[in-house]
Amino acid sequence: MNKIKLLQEKLDKECPGFLASAKDDCVVLSGESEDYSKIVEAGKIAAETGYFYGVINKITLKGWTPKPMKRSPIEDKTLEGATPDILVIGGGIIGCSILRELSRYQLSCLLVEKEEDLAMGASSRNDGCVHVGIDLHKNSAKLKYLLRSRAIYPQLCADLDVPYREDGQSVAFKSLTLKGIAAPYLRAKARANHVPGGVKILSREQMLKIEPHLAEGIKWCAYLPGGACVSPYELTIALGESAVLNGAKVSFNTIVESMEVKDHKIVSVKTNRGTLYPKVVINAAGVYSDVVADMAEDQFFTIHPRKGTDSIMDKAMTSALSKTAITVYPKLGEEKRTHSKGGGLIPTIDKNILVGPDAIEIPDREDYTTSKASIDVIYGKHVNTIAALSERDIITYFSGTRAATYEEDFVVQKGKWTKNIIHAAGIQSPGVTAAPAIGQDIALWASQMLKAPKKEHFIEKRKGVVKTRFLDDKERNALIKKNPAYGHIVCRCEEISEGEIIDAIHSIIPPTTVDGIKRRVRAGMGRCQGGFCQPSVVALLAKEGQQDILKIKKKGEGNLFFAETKECK
Amino acid sequence: MMDYDVVVIGGGPAGLAAAKTASDYSAKTLLIEREGALGGILKQCIHDGFGVTRFNEKLSGPEYAYREIEKLKTSKVEVLLLSFVTRLKKIDAGYQITLVNPQGVKTLATRKLILATGCRERTSKQVMIQGTNPAGVMTAGQAQYYINIMGKMPIKECVILGSGDIGLIMARRITLEGGHVEGVYEAKNTPSGLARNIAQCLTDFNIPLHLSETVTRVYGVDRLEGVEIAKVDEHMTPIPGTEKRIPCDSLILSVGLIPENELAKSLGVPLSGATKGPEVDQTFMSRVEGVYSCGNAMHVNDLADYVSESGEIAGKAAATSQNVEHHNVKVEVDPQLLYVVPEVVDFAKPTQDMVFYFRAKNIYQNKVLHVFCGDNEILKRPYTTLKPPEMERLKFSLEKEGAIRFVLGDK
């Protein structure tokens with residue numbers, strides 16, 4: 001095939017040592033390399049030719065064995081023989097959004113998640129930005145789903161009792177000379193992309209009115225008033241709960257191990273908890289979505305994980321400092337070819353500032369370790385955005401991996417070769433923003449495949465755990481009179497009451513771990529990082545969740561205790 | 001309408017002493033504590049060594065707290081337990097306090113406010129430890145709570161980072177409880193804890209202390225599996241190539257305490273960069289009229305006895321002092337000293353028997369501390385050794401107003 005030959009020539013010239021071959025209209029790259037960056041580069045070169053439907057990069061890294069997927073040790077038969085209409089693989093924001101939309105139809109739906117809770121991958125490892133899409137390609141799936149989702153977002157969050165706030169976002173520039181080119185370009189791009197809220201080009205003086213702590217040296221800003229934020233894990237859990245409320249089922253610690261495919265159709269799906277026989281499979285497996293696609297004999301894309309690290313600043317010190325998410329445009333010449341946004345200072349929905357993220361290509365899909373080098377990079381890059389931001393105000397930091405494809409666009413479509421699979425893969429930024437509309441499309445396609453009508457009654461509203469700290473004194477008092485547990489503050493940094501923790505433990509998708517409580521009610525997310533409240537959370541998990549206290553886990557299999565002390569034995 | 005003359009926030013040793021003393025000086029006093037029992041962190045400090053100066057005997061933390069609570073019971077102090085202050089607001093002639101407790105939301109007004117809110121522990125991320133985020137990484141105070149209050153062992157094989165007193169105490173406690181302490185690592189080139197704790201908690205139990213070494217990284221996804229140790233240079237920066245990995249299931253951090261002053265900040269109380277507590281005068285009043293500070297919220301102490309003393313000073317002043325036209329003179333501090341508390345002397349207030357606390361910046365031998373007021377030398381005290389971990393205390397009176405200087409000279 002001519003295209004393959006052309007690509008091979010290009011590879012031999014720019015990134016030699018690899019072999020390109022055809023699989024229908026896709027390309028398969030093979031070979032071995034000692035340098036991981038070469039493997040990624042080969043994939044990029046193949047994708048950028050635009051010749052192929054997709055890039056399947058099978059080049060291996062010499063001397064490296066992939067870390068086995070993190071998995072629960074559970075082996076049982078609880079799902080053996082189950083025949084759900086729809087099996088959703090992956091409990092991130094995409095899987096949960098799909099599950100909720102599916103639960104509008106007369107379908108039996110099961111979501112399997114390999115971890116013990118929802119939102120354990122990228123959905124709890126991002127900044128919660130709800131983007132406006134000014135940086136996106138006009139014809140991308142990213143922009144299409146972003147724009148449709150932006151129209152849904154405010155009402156969806158209201159229905160799910162999840163906070164949503166439009167703080168605006170801005171790109172700050174240090175160079176005035178750049179303004180002559182960049183400002184008209186950004187205006188045109190905003191118009192072409194139908195950016196919600198548009199773009200405003202602001203002088204330093206104008207920007208100071210929005211952001212009084214803007215650092216010296218910033219000459220002008222492109223302000224995007226439509227930029228918003230949400231808690232990505234809170235929204236994921238809310239979507240999941242709403243789906244369960246409408247009849248969907250969720251199975252945790254459930255790992256898809258293989259699939260039986262016959263005549264381009266998935267017949268069965270083997271998991272560590274039994275073999276299932278779903279009619280339709282939905283692939284929302286995040287950084288493992290190409291692995292799942294491969295099991296389904298439908299791999300036409302490749303995930304190359306891109307790690308990012310964010311640091312979280314103390315709320316008390318920083319809430320006053322930043323009113324809007326802000327990114328400083330790199331100095332000319334510093335800009336590298338990158339597919340991830342520049343990161344910046346991002347006030348979260350809970351009014352902490354996140355600093356970051358960076359973007360590093362890594363071979364391990366679940367490498368969530370942090371490094372001092374990353375902290376220094378993100379901090380060095382963004383510290384000069386806002387005056388008076390100090391590294392001493394960092395309370396913690398975390399890493400996540402983006403599920404990037406070589407095409408750098410979402411894969412939201414029905415199977416290419418296999419008939420009963422639908423992919424929601426390659427979802428990286430702006431995945432949180434795009435999740436609602438992706439959920440709608442995929443649920444619609446699945447319902448059409450199975451000719452399933454909508455349910456007569458769908459419960460739109462889901463009530464979250466009350467946040468007593470935001471109630472006015474009168475409401476708070478009335479609530480405490482009804483249940484005194486709401487008057488006992490357990491997490492002092494975030495002002496979370498015992499009542500809220502108990503509500504979370506008894507919620508519709510009950511958390512079983514200390515981190516599960518943290519993601520639901522914020523206990524332990526403050527400046528002491530759980531130093532004071534963790535013992536109380538552990539005691540409540542044991543009592544209210546009827547667990548043996550010695551078996552309480554922080555997360556996964558991570559027990560907190562080994563034994564009783566001598567006195568207590 | 002004022003509900004109270006004095007409200008004390010925090011029921012640890014500082015708050016207990018402050019409330020008792022304010023009440024002794026006829027102030028209508030309320031003590032607010034967020035936990036279900038008084039005593040603060042003393043409740044979990046079951047080791048001895050408390051009360052040597054205050055009671056002339058060695059007590060455990062709970063015993064010390066018990067004595068203070070019993071004293072409080074003889075007074076008219078009202079106590080609110082399980083009560084969490086959510087908001088402070090300046091009102092005419094005092095402060096409005098909003099709190100929540102299992103009875104509801106309560107708002108009350110007081111003439112004077114004493115903040116005895118203690119301190120919190122610095123965490124692993126605040127000392128830039130990288131890697132994963134597993135179970136088994138905990139502060140010394142948290143480990144102490146699990147073992148001493150809950151009776152649960154969170155440790156089998158551990159590394160302790162930081163030679164602060166709580167870390168040393170926990171090294172012994174973990175050993176007695178059947179756990180194994182691989183070693184205590186300290187990034188500084190000198191120990192951070194009291195000498196008596198090094199001897200009694202490490203030497204007596206054959207636990208090695210490694211100076212100029214720190215933990216840089218943790219391993220293990222769900223539960224800790226090991227830590228990376230590296231030697232550090234004189235700037236406490238890890239030296240590349242010196243890393244070694246030590247297998248363990250727990251990492252205990254004793255890497256410093258931070259005075260808790262979120263409530264103080266909400267009232268605009270200026271904090272000292274050196275102590276991280278409010279800047280205070282000799283009555284331990286902050287720079288905001290009618291707001292006092294004491295105990296570990298004011299500066300981190302190493303002995304509970306001095307915490308109680310500072311509470312008494314603040315309690316007495318809050319109960320008795322009238323609003324006056326201030327006459328503040330800032331204390332000039334020798335650069336060899338880390339800090340001196342109080343930071344200012346208000347000559348409009350009594351200057352008899354003032355108590356000063358200070359710490360040296362480094363270890364010094366054979367020094368003399370001179371306190372000058374104007375041209376007069378008020379006090380001259382020799383010290384064979386001065387070290388940062390050991391807080392020093394002075395008491396003196398000033399007859400006449402003048403510039404106050406703490407000067408550290410050679411013997």
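Hi everyone, let's start with a contact: A:Glu498, A:Ile501, A:Ile502 and A:Ile505 in α13(A) meet A:Val537, A:Leu540, A:Leu541 and A:Glu544 in α15(A), contact being C-beta atoms, placed from the backbone, within 7 Å. This is a predicted model, where local features need pLDDT of at least 70, side-chain atom pairs count only at pLDDT 80 or more, and totals for chains, interfaces and linings use all residues. Residues are numbered from 1 along each chain as its sequence is written, with chains lettered from A and ligands numbered from 1 in the order in which they are written.

Helices (H or I, at least four residues) and strands (E, at least two) are DSSP runs, numbered from the N terminus. Helix α13 covers residues 498-505 and α15 residues 534-544; they pack at an angle of about 45°, axes 10 Å apart. Axes are lines fitted to C-alpha atoms, for helices over the stretch in contact, and angles run from 0 to 180 degrees between N-to-C directions.

Now to strand β7(A), residues 109-112.

Four bridges join β6(A), residues 86-89, to β7(A) in parallel, and A:Val88 stands opposite A:Leu111. With β14(A), residues 249-251, β7(A) pairs in the parallel sense over three bridges; there A:Val112 stands opposite A:Ser251. Thanks, everyone!

Technical notes: Buried ≥ 20, exposed ≤ 12 C-beta atoms within 10 Å, placed from the backbone. Pairing = 2+ DSSP bridges. Contact = placed C-beta atoms within 7 Å.
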